[in-house]
Amino acid sequence: MNYLIGAFKPPCTVTVEFNDAETRKQANIKKENGQMAPVPLFQSQESVVGEVRIEPLPGKKVEHMGVKIELLGQIELYFDRGSFYDFTSLVRELDVPGEIVDRKIYPFEFSTVEMPYESYNGVNVRLRYILKVTISRSYATNIVEYKDFWVRNFSPPPEINNSIKMEVGIEDCLHIEFEYSKSKYHLKDVIIGKIYFLLVRIKIKHMELEIRRRESTGSGPNTYNETETLAKYEIMDGAPVRGESIPIRLFLSPYDLTPTYRNINNKFSVKYYLNLVLVDEEDRRYFKQQEITMLRID
């Protein structure tokens with residue numbers, strides 16, 4: 001609940017509820033305070049239906065210049081905190097100017113709303129959907145209440161999903177070939193592949209496969225790149241020999257993954273990479289990175 005200047009409480013409570021709150025699926029989302037909380041889950045083209053309840057405190061009345069509810073899709077870049085870029089903005093007027101002396105309930109409906117982007121909480125950016133109720137007042141601060149909800153959208157399985165084959169090496173020292181069975185993965189998929197050692201003249205201590213997420217925000221000279229290592233999977237411990245092949249099987253379901261996002265509203269992108277890392281006995285690291293596409297498939 002928002003507070004007026006001088007820390008006075010507003011003269012009413014405002015509650016926003018969805019009509020199907022008891023049956024709708026929930027997403028457990030980490031809030032800004034680090035705590036996990038359930039949030040109603042929607043998909044694009046769904047209708048957002050519910051009611052707003054305004055209840056004056058005992059002995060109080062609410063004089064207002066109108067009541068409205070907005071459905072907003074916003075992108076917030078943390079280096080520009082406080083500035084929101086609205087890519088979806090719908091408004092419903094709930095009441096004309098007047099006063100509220102008793103509890104009032106206002107039904108609302110936003111029909112088949114296009115919500116083109118998924119909700120996202122990243123390192124430097126947040127994409128969110130909210131319902132915003134505003135009670136406009138002429139001589140006092142407006143009363144504003146927010147209700148968050150989460151959006152997830154599903155993609156069809158890809159018609160073409162080519163394998164990845166690459167050769168990497170250091171001249172006269174190391175030559176390996178790696179192969180992944182496909183280049184596009186759903187969020188609960190399994191990465192299956194093989195690594196072939198064609199030439200080994202350095203003493204390799206161990207080898208691991210990393211999943212990395214790179215978040216890019218801004219543009220031009222103001223581009224910020226943030227890379228997180230989400231998973232480390234040891235493929236091999238010990239020195240390989242020429243002709244040896246090492247299988248890869250990495251399950252994705254334990255990790256907190258999102259789909260790949262490409263240039264969302266010209267504000268940010270999120271890409272995923274498989275990073276193959278070899279460490280020799282002198283702790284020198286050799287690596288090869290390969291981009292993969294992540295999809296949310298129903």
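## Around Valine 52

Leaving aside residues up to four places away in sequence, valine 52 is in contact (heavy atoms within 4.5 Å) with Val14, Thr15, Val16, Ile69, Leu94, Lys104, Ile105, Tyr106, Phe108 and Val133. This is a predicted model, in which local features need pLDDT of at least 70 and side-chain atom pairs count only at pLDDT 80 or more, while totals for chains, interfaces and linings use all residues. Residues are numbered from 1 along each chain as its sequence is written, and side-chain values use heavy atoms, with hydrogens and water left out.

## Nonpolar cores

A nonpolar core here is a set of buried Ala, Val, Leu, Ile, Met, Phe, Trp, Tyr and Cys residues joined through side-chain atoms within 4.5 Å. Buried means under 20% relative accessible area, with a 1.4 Å probe and protein chains only. The largest such core has 66 residues, and Val52, Leu131, Tyr180 and Leu276 touch the most other members. A second, separate core holds 5 residues, including Ile29, Val39, Leu41 and Trp150.

Across the protein chain, buried residues make up 42% of the 298 residues.

## Strands and overall shape

What does the secondary structure of the protein chain come to? There are 22 strands and 0 helices, counted as DSSP runs (E, at least two residues, for strands; H or I, at least four, for helices). The C-alpha trace spans about 85 × 40 × 35 Å along its principal axes.

Now for contacts along the sequence. Of those between residues at least 6 apart, 66% join residues at least 24 apart.

Note on methods
Buried means under 20% relative accessible area, exposed over 50%, partly exposed in between (1.4 Å probe, protein chains only).
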